[in-house]
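Trainee: I have a model open and want to learn how to read it. Can you walk me through its features one at a time?

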Amino acid sequence: MTTVRDEDAGGRRNRRDGGPRNQVVTVVDVARHAGVAPSTVSYVLSGKRAISAATRQRVLASINALGYHRHAGARSLASNRANVIALVLPLRSGMHLPVLMQFASSVVTTARQHDHDVLLVTADEGPAGLRRVAASAMVDGLIVMDVELRDARVPVLRKLNRPSVFIGFPGEPAGLTCVDLDFFRAGSVCVEHLADLGHREIALVGPPPAVYERGTGFAQRTLAGFREAATRRGVRRTVVACEESHEAVRHQLTQLFTKRPGLTGLVVHNEAAVGHVIAVVQALGRSVPADISLVAICPDEVAERYVPSLDSVLIPADEVGARAVELLMAKIEGRPVPDSTLLPPRLTVRASTAPVRAIVGSS
């Protein structure tokens with residue numbers, strides 16, 4: 001393949017589209033290419049002064065042709081901002097990485113829409129990590145995940161001179177900005193769905209024990225909602241904290257069905273174990289939904305992956321991540337935001353539940 005090059009009067013090699021090759025493109029280069037003053041280019045980029053539509057389009061066309069990117073350092077000096085936000089996502093045992101990455105992807109995508117990059121902090125450094133990131137002046141604000149009811153990071157974030165948003169709710173969220181699915185209501189909705197179908201003995205297959213032991217907010221709130229709704233609807237309940245392996249699921253469900261022979265409904269809040277639960281139920285001589293009705297709290301793509309497809313409450317990772325960034329951007333810009341944003345759960349009925357009367361009639 002032949003590459004065609006030419007040189008300008010200064011001896012620089014240029015692309016055929018007029019853009020400097022292997023050289024940083026400046027505002028001056030863009031201005032020269034568009035036939036305008038450098039200040040006009042700056043006004044188009046900053047939006048601080050009205051520019052005619054025709055001139056604006058000409059400048060944008062030159063920016064695209066030359067491949068111009070605003071220099072992060074210069075941008076920071078001009079705005080007194082780093083144009084970077086931190087996503088604090090400590091990777092701990094019992095966390096399901098694919099779902100976490102959905103949150104992270106949404107944060108990154110939305111941040112780019114605000115001309116911000118994302119610094120991903122995955123080390124489990126606790127309060128010290130927050131202080132380190134904030135003190136470095138590398139970021140304009142922080143989004144914090146894997147929130148615990150008694151989260152040691154809360155007092156630090158109240159004092160830091162950087163705005164922050166929690167994806168999740170600590171036990172005492174007053175004065176903080178938090179956004180998440182309403183997991184208490186999600187647990188309740190699953191119980192109510194099964195109770196409406198006539199089920200009177202159900203179990204929650206929850207995340208691994210380590211998640212509960214840490215007091216992780218989403219798990220504890222789902223558990224509380226599950227228990228409250230079961231009591232309110234007169235449903236006998238059991239809770240199982242389950243590791244994600246097939247062997248662990250088989251052990252737990254074998255014991256569960258032995259101790260609770262009248263069990264007809266399962267709520268699964270453990271994305272990594274969903275497939276194992278279905279396989280083990282079938283291996284133990286039961287089928288879904290003829291013998292066991294199953295509702296999962298998980299992303300839609302997980303629920304639709306299996307046969308039968310699962311009734312589920314969506315974990316809206318994309319929406320929560322985007323909301324968190326929007327809230328943080330508002331705080332960075334000094335705009336007021338609500339303290340709490342709870343997204344209502346949405347139950348989608350597919351093919352994994354059935355009325356108890358149908359189960360009795362089919363036996």
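Trainee: Is R112 buried, partly exposed or exposed, and which relative accessibility puts R112 there?

Mentor: Start with the cut-offs: buried means under 20% relative accessible area, exposed means over 50%, and partly exposed lies in between, with a 1.4 Å probe and protein chains only. R112 has 39% relative accessibility, so R112 counts as partly exposed.

Trainee: What should I know about the model before going on?

Mentor: This is a predicted model: local features need pLDDT of at least 70, side-chain atom pairs count only at pLDDT 80 or more, and totals for chains, interfaces and linings use all residues. Residues are numbered from 1 along each chain as its sequence is written, and side-chain values use heavy atoms, with hydrogens and water left out.

Trainee: Which residue forms a salt bridge with R112?

Mentor: A salt bridge here is a side-chain nitrogen of Lys or Arg within 4 Å of a carboxyl oxygen of Asp or Glu. R112 pairs with D115, and their closest N and O atoms are 3.8 Å apart. D115 is partly exposed, at 25% relative accessible area.

Trainee: How many salt bridges does the rule give?

Mentor: The count is 19. R335 and E333 form one of them, with closest N and O atoms 2.8 Å apart. R335 is partly exposed at 43%, and E333 is partly exposed at 40%. There is also a salt-bridge network, which links R92, D124, D146 and E148.

Trainee: Where do R260 and E201 lie, and how many residues apart are they?

Mentor: First the bridge: R260 and E201 have their closest N and O atoms 3.7 Å apart. The pair links distant parts of the chain, 59 residues apart: R260 is in the loop between α11 (246–259) and β10, and E201 is in strand β8 (residues 201–206). R260 is partly exposed at 23%, whereas E201 is buried at 11%.

Trainee: How do I read the helix and strand labels?

Mentor: Helices (H or I, at least four residues) and strands (E, at least two) are DSSP runs, numbered from the N terminus. This chain has 15 helices and 14 strands.

Trainee: In what order do the six strands of the open sheet run?

Mentor: Strands of a sheet pair through backbone hydrogen bonds, either parallel or antiparallel. Two strands count as paired if DSSP finds at least two bridges between them. Here the order is β9-β8-β10-β11-β12-β14, with mixed pairing. β9 (236–241) and β14 (347–348) are the edges; each has a single partner strand, so one side of each lacks a neighbour in the sheet. Inside the sheet, β10 (residues 265–268) and β11 (residues 293–298) run parallel, joined by four bridges. V268 has A296 in β11 as its bridge partner.

Trainee: What share of the 363 residues is buried?

Mentor: Buried residues make up 47% of the chain. For contacts, count heavy atoms within 4.5 Å. Among contacts between residues at least 6 apart in sequence, 68% join residues at least 24 apart.
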